[in-house]
Amino acid sequence: VLDRRGERLRPGGFLLLQRNVEGFDQVYDLTTQLRESSAIPPLIAIDHEGGRVDRLKQIFAPIPSMPELAAAGMAQIRMGARIVAAELEATGFNVDFAPVLDLGLPGSIVAERCLASTPGEVARLGRAFVEELSKRRIVACSKHFPGLGGAVVDPHFSLTRVDRNKRLLLQEDAAPFASLFDDAGMIMVSNAHYPALGDEKPIPASLSTRVVDGFLRKKLGYKGLTVTDDLIA
């Protein structure tokens, strides 16, 4: 693959979407080709949470959603995570864009994907999910920083404004992410707009120096890898 200047691109990672998954042999061959064609061991990622975001359900049996697993208790969260990890390992993935660490607040656009409504419980369940992925060397990516619990419009289709004040964002929304800084391998930054964090003009958090550099890295002290949420609207 060449860029606009004619120089060869050497991507360090690949993200597969639902349309890239047709069957077990096909996706395994694809991830193998991506791995073998890369000069360095690549990150090969997919969103695999269960429920509505179950990218491998046409290959394996469907997995319950995170709220369903959480409602059944810690043992079920760990079992679900072990199944997710085994499916990813079998099909050649080494990165899972999960778990969702957003708060399950009333009316939230991500309520049906959240582990719980309180920061402590989200962190506790999220850590268990990450631990089970790590046992099979699957890198977890916590999302969607600093939290989509207050979003009522899908940020994939418009610039959603989250009107949570800075205290709530710090003490509640961002708290599960901070708790898992040493557990998850990376953090996905959301595309919502958070005016309380200093951006008066509408700008996605993923493109905001105030959110990423100021809040995440300087205020909270995160030194790891960040990725953006889906930029296609």
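A pocket is taken here as an open set of grid points with protein on both sides within 12 Å along at least five of seven lines. In this predicted model, the second largest pocket holds about 210 Å³ of space. Ten residues line this second largest pocket, and Leu9, Arg10, Pro11, Ser37 and Ser38 are the closest to its centre. By class, its lining comprises six nonpolar, two polar and two charged residues.

The largest pocket has a volume of about 630 Å³. Its lining is made up of 26 residues, with Asp47, Arg55, His156, Asp229 and Asp230 lying nearest the centre. Twelve residues of this lining are nonpolar, four are polar and ten are charged.

Helix α3 spans residues 74-91. From the first C-alpha to the last, its 18 residues reach 26 Å, close to the 26 Å expected at 1.5 Å a residue. The buried residues of α3 are Ile77, Gly80, Ala81, Val84, Ala85, Glu87, Leu88 and Thr91. Viewed down the axis of α3, these buried residues fall within an arc of 165 degrees and therefore line one face of the helix. In an α-helix there are 3.6 residues a turn, so residues three or four places apart point the same way.

The buried residues of α3 pack against helices α1 (24-36), α2 (66-71) and α4 (119-134), and also against strands β2 (43-46), β3 (48-50) and β5 (95-96). Helix α3 is followed by Gly92, which has a positive phi near 95 degrees.

Conventions. Residues are numbered from 1 along each chain as its sequence is written. This is a predicted model: local features need pLDDT of at least 70, side-chain atom pairs count only at pLDDT 80 or more; totals for chains, interfaces and linings use all residues. Side-chain values use heavy atoms; hydrogens and water are left out. Helices (H or I, at least four residues) and strands (E, at least two) are DSSP runs, numbered from the N terminus. The expected span of a helix is 1.5 Å times one less than its number of residues. Buried means under 20% relative accessible area, exposed over 50%, partly exposed in between (1.4 Å probe, protein chains only). The arc is that of the directions from the helix axis to the C-beta atoms. Contact means heavy atoms within 4.5 Å. On a 1 Å grid over the protein atoms alone, a cavity is a set of points where a 1.4 Å probe fits but cannot get out, and a pocket is an open set with protein on both sides within 12 Å along at least five of seven lines; lining residues have an atom within 4 Å of a point. Grid points are joined across faces, edges and corners, and a volume is the space filled by probe spheres set on the points. Ala, Val, Leu, Ile, Met, Phe, Trp, Tyr, Cys and Pro count as nonpolar, Asp, Glu, Lys and Arg as charged, and the others, Gly among them, as polar.
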